[in-house]
Amino acid sequence: MEIYLLDNLDLLQQHLLIQHQLYQVIEDDNGQCSWQQQTKEGNAPLIAKLPQSSAKDFFFAEHENLLIFNGEYFQETLPKPAPFVLFGALSCDLTAISYQDKFFKDDPYYQARRQHCLLVGLDCVRPCQQGFCPTVDAGPGVREQSADIILHPLENQQWLVITTSDKGSEAVKGLALSVAHWHLLTQRDLVLHQCEQDFPDNTYITQAIDKLNSGEIKDSFWQQLAVQCLGCSGCTTLCPTCSCYSTRSITVESEQKKVIKQQRFWDSCLYEGFQREASFHNPSSDAGKRVQRFWHHKFGNEFFTEFNRHGCVGCGRCEQTCPGVIGIHSVMKRINSDA
Amino acid sequence: MCADLVKTICPFCGVGCGMCLKINEQGQLLSVEPQQNHPISQGKLCEKGWSTPYAINTNERITQPLKRINKKFYPISWQEALTTIACELTSIIDESGSQTVGIISSARASNEDNYAAQKFARAVLKTNNIDHCARICHSPTVAGLKQSLGSGAMTNSAKDIFDTDLILVFGADPTENHSILGGHIMQAHAQGTELIVVDPRVTRLAKLTSMHLQLKLGSNIALINALLHVIIKEQWFDKNFISSRTQGFEQLALHVKDITPESVESITGVSAELIRTTARAYSQAKRAMIFYGMGITQYVSGTNNVISLANLALSCGHIGKVGTGVNPLRGQNNVQGACDMGCLPNVFPGYQGVAELESQEKFSNAWGAKIAQQPGLTSLGMTKAAQSGDFHALLLFGEDPVVTDPDQNHVKSSLKNLDLLVVAELTMTETAKLADIILPAASFAEKDGTFTNCERRVQKVNQALAPRGEAKGDWQWLQALAKQMGSQLLNWQNSEEVFNEMASLTPDYQAMTYQKISDNSGLQWPCTFDAPEGTSILHQQSFPIGRARFICVNHVDIDEPIDDLFPLLLTTNRLHFHYGCGSMTRKSPLLERETPPGLLFINPIDAQALDITHQAPVSIKSRRGYVETRAMLSDDVPVGLVAMPYHFKEAPSNQLTNTAQDPVTKMPELKACAVAVTPLAKGQPPKTIQQLQGEQ
Ligand code: SF4
Ligand code: SF4
Ligand code: SF4
């Protein structure tokens, strides 16, 4: 780990742009935040705002062809992306990427993209609206193992640049950086600690997690809750750790030839049909079971053991997007009060 | 990777949620995300909204004009298509007159497309034969509210849901059909707003409230009259409001004097006690809001049902204020706009009467053309006239009447009887299969324009993609066709010019421009020089007709009661996974998987009596038709009632539904008819209607 001081962030952006495509979160007039590609000509200022869609589709594409058979032979479909950098990803989303790295460890499509990516994290120094990353150990400061470089804003418009991996050190080579004094790291810790204190009281989440794992919650509670699930797939689409997918084959026939594609696409475990078999048998035909399964994946002890952390990184996206008002905060409150 | 994010409006339902289309470097649509700060949807979409890319990116898009020769379609050039259509139209008009041709436009198309369609009909073809599908959704709303209040639109706004004390949902299933609004209602209820649901089925909202009035099919008026009886008898009405803003209350009081809750118990199936509790809750609430849907309109008594809801709101003064009103939930994304644009046989844009001399002059001067004077035909009127050989050519876009219209067999044979049927569509539909010429239509993501949502909000739709293949927007091909027929009347340069011409002629849209619409995230009409910011609540000071009218209406039995041969009542419903005829949503593998092709909801008790098991193949027969599908056992339908969604071309419910009509609007009674259900042999898969009728 090396720590540097930087006066002008633009220098780092320009430096990274020499060898990478650079993506950054941009906010438009209506407050919509999204990852957008930046060019040498114009760099938007770095903002610590959570984009509506997380970064997961940079690695796990929403639709992709796994196989194409063009009538004579199979075509290679592995992506070959140019090196790119996610500049200023926030801690919850970075934690989610580490989580998915494990899930997709052996997935060549995911890994082909992931290996070409440099992650530059940005510390949050103020709580965001729906987030609760401290409660699930996913922020607000960027965790060392989850990024290659960490940026921390200092009071005097300066930046602390912390490289946490070889890839990170390699990426800043050639850039004129001054080495920073270690006490700035202590200062960083203090700021992050203060930020954690500023989050609203989220003990109801911790309590609900305990209750969820106690085996006390009745099926009827989940059934009642699930009346409100419209099966929209919003939560699973926006959740940075969700990774359900399905595949289908698409045949495109023209006069000359027949092309068959095997396509993988994002799916949602909250759809009734997700587990239905051809015989109509369905282990989770009950909406209550589906909603329960979703929250067990996020907070169940078995998954904690497997992934060494909760499946939820505390971003709060599901609360905002759930039309049925059963996102994270609503569900955790109801587990405490009604279950 | 996403290279561009284009803000636009969901193309599926009347809620009009804000979405962003994510476009990659190659200009293809990758996916969508909700607009975080949209005034209505606030960062949410329903499953239809989320599945938008599947509808547009499908491989099945029609990409060039097609001509049918016998049963096969052959690609032709646009020029050939236009020449053929123009020649045919001209010769039909020369021979048989303008009243034998017409257009059915689309509640899915933009305001600009609809404006162009009615102008094309009236000024180029010189006929008022112009309609769209509202006929089968909400024409009783327009007719009923127009008489009672003077305007047929939603009186209040979506945001009022969070600013009211009681929500009364009448014959509507908002969590399935207008999911985001339905979600708002769930949220408001969770935060303490009282919720009353009136519906024959146990809808999702009914499951969330203790106040569910599970009335019998078609007994709305009896129920509402009894509610009025109680409100008047107990002096729970709003005296000040009634005396200062309305007329006809005394007659109404007299009319419902003897309609006690006890007297309607057997007709409605709702206990007198529950009627009284409801009357008290609604009338005593400080602010109360009514939402209603097709459970009100799709009856022979549709118009009167709407009128009696207006009576109810007026009697309690629950109108013209925040958190009140009579609020129709309209189906398709732009059904409000299609009506506003005058895609109706009796009105020009802005509901200016075709029969009025003044309006005729206004439009003929503005367009610099002679226009049609004779009254026009409705869509049902056009198909009927085609059947009898009095109607010869139809241009149709974005609609699939063969699947969605009542009495499918009749529609099919009359369309076959036409000399010229032109259909503009995204993908092949059952109706398009009958066309002589098919034109490739541009999807909503491929054009600029505006949609008007159910709360009268005009919102901007922005082009994100190049049109697929040779596809064209509707006003663009109408323009090309007009030119081919020697008319320069549709010569706009872009959508904005169409909009500006329309706004200059439509009083309620007067003060709107594209820029202002974008800046304000939509504007709600009336948006006039007097109210340049738009209007979120109608009728605050007065009604367009001065005083609102109480109109006395009587209960009417459903047209086709059950009997020995047809012992079960069938009603139609919608599933939130699908939309309209399903030609867009069924392209999604996710939504397609959610429900098998066609199904019949039946109460377990009825099912047991008929020896039908869950998912078993069954046949359903009515006086008009026969279909096969699978049974879905569900307590959500009461004993004696079966329900069938209408999205499925394999088992279309309109093979069965009744064609008896509301006398005012000709709205068919889609919500009730008598049927017989029988199990098919085990293991015999249900046949599709195409197989049953011996086609491929
Ligand atoms: S469960 Fe909700 S809060 Fe947790 S990571 Fe997923 S979207 Fe974010
Ligand atoms: S966002 Fe809410 S309604 Fe949609 S699938 Fe998730 S839990 Fe269900
Ligand atoms: S509620 Fe309607 S407008 Fe909103 S996302 Fe669903 S279909 Fe689209």
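What is the relative accessible area of A:Asp28?

Reply: A:Asp28 has a relative accessible area of 28%. That value makes A:Asp28 partly exposed, because buried means under 20%, exposed means over 50%, and partly exposed is in between (1.4 Å probe, protein chains only).

First, some ground rules. This is a predicted model, in which local features need pLDDT of at least 70 and side-chain atom pairs count only at pLDDT 80 or more, while totals for chains, interfaces and linings use all residues. Residues are numbered from 1 along each chain as its sequence is written, chains are lettered from A and ligands numbered from 1 in the order in which they are written, and side-chain values use heavy atoms, with hydrogens and water left out.

Now back to A:Asp28. It has a salt bridge with B:Lys7. A salt bridge is a side-chain nitrogen of Lys or Arg within 4 Å of a carboxyl oxygen of Asp or Glu. Here the closest N and O atoms are 3.3 Å apart. This pair crosses between chains. A:Asp28 sits in the loop between strands S2 (21-27) and S3 (33-38) of chain A, while B:Lys7 sits in strand S1 (residues 2-9) of chain B.

A:Glu64 belongs to strand S4 (residues 63-69) and A:Arg113 to helix H3 (residues 108-114), so the pair ties together parts of chain A that are 49 residues apart in sequence. Both A:Glu64 and A:Arg113 are buried. They also belong to a network of salt bridges that includes A:Asp107 and A:Arg264.

A second pair is A:Arg317 and A:Asp93, whose salt bridge has an N to O distance of 2.8 Å. A:Arg317 is in helix H11 (residues 317-321) and A:Asp93 in helix H2 (residues 91-103), so this pair ties together parts of chain A that are 224 residues apart in sequence. A:Arg317 is buried, at 5% relative accessibility. A:Asp93 is buried as well, with a relative accessible area of 4%. Over all chains, the count of salt bridges comes to 32.

Next, a sheet in chain B. Three strands form an open sheet in the order S19-S20-S21, with antiparallel pairing. Two strands pair if DSSP finds at least two bridges between them. Strands S19 (449-452) and S21 (523-524) of chain B are at the edges and have a single partner strand each, so one side of each is left without a neighbour in the sheet. Strand S20 (residues 457-461) of chain B is joined to S21(B) by two bridges. In one of the pairings, B:Arg457 has B:Gln524 in S21(B) as its bridge partner.

The two ligands come next. A residue is near a ligand if one of its heavy atoms lies within 4 Å of it. Around ligand 2 are residues including A:Cys229, A:Cys232, A:Cys235 and A:Cys322. The shell of ligand 2 has eight nonpolar, two polar and no charged residues. Ala, Val, Leu, Ile, Met, Phe, Trp, Tyr, Cys and Pro count as nonpolar, Asp, Glu, Lys and Arg as charged, and the others, Gly among them, as polar. Around ligand 3 are residues including B:Cys10, B:Cys13, B:Cys17, B:Cys46 and B:Lys48. This shell has seven nonpolar, three polar and one charged. Helices H1 (47-50) and H7 (179-190) of chain B each supply at least two residues of the shell around ligand 3.

Last, some backbone details. Most residues other than glycine have a negative phi, and most peptide bonds are trans. B:Tyr351 has a positive phi, near 60°. It lies in the loop between strands S14 (347-348) and S15 (352-353) of chain B, and it is partly exposed, at 22%. The bond between A:Gly139 and A:Pro140 is cis, with omega about 0°. A:Pro140 lies in the loop between strands S7 (117-122) and S8 (149-153) of chain A. B:Trp525 and B:Pro526 are also joined by a cis peptide bond.

Key. Helix = DSSP H or I, 4+ residues; strand = E, 2+ residues; numbered from the N terminus.
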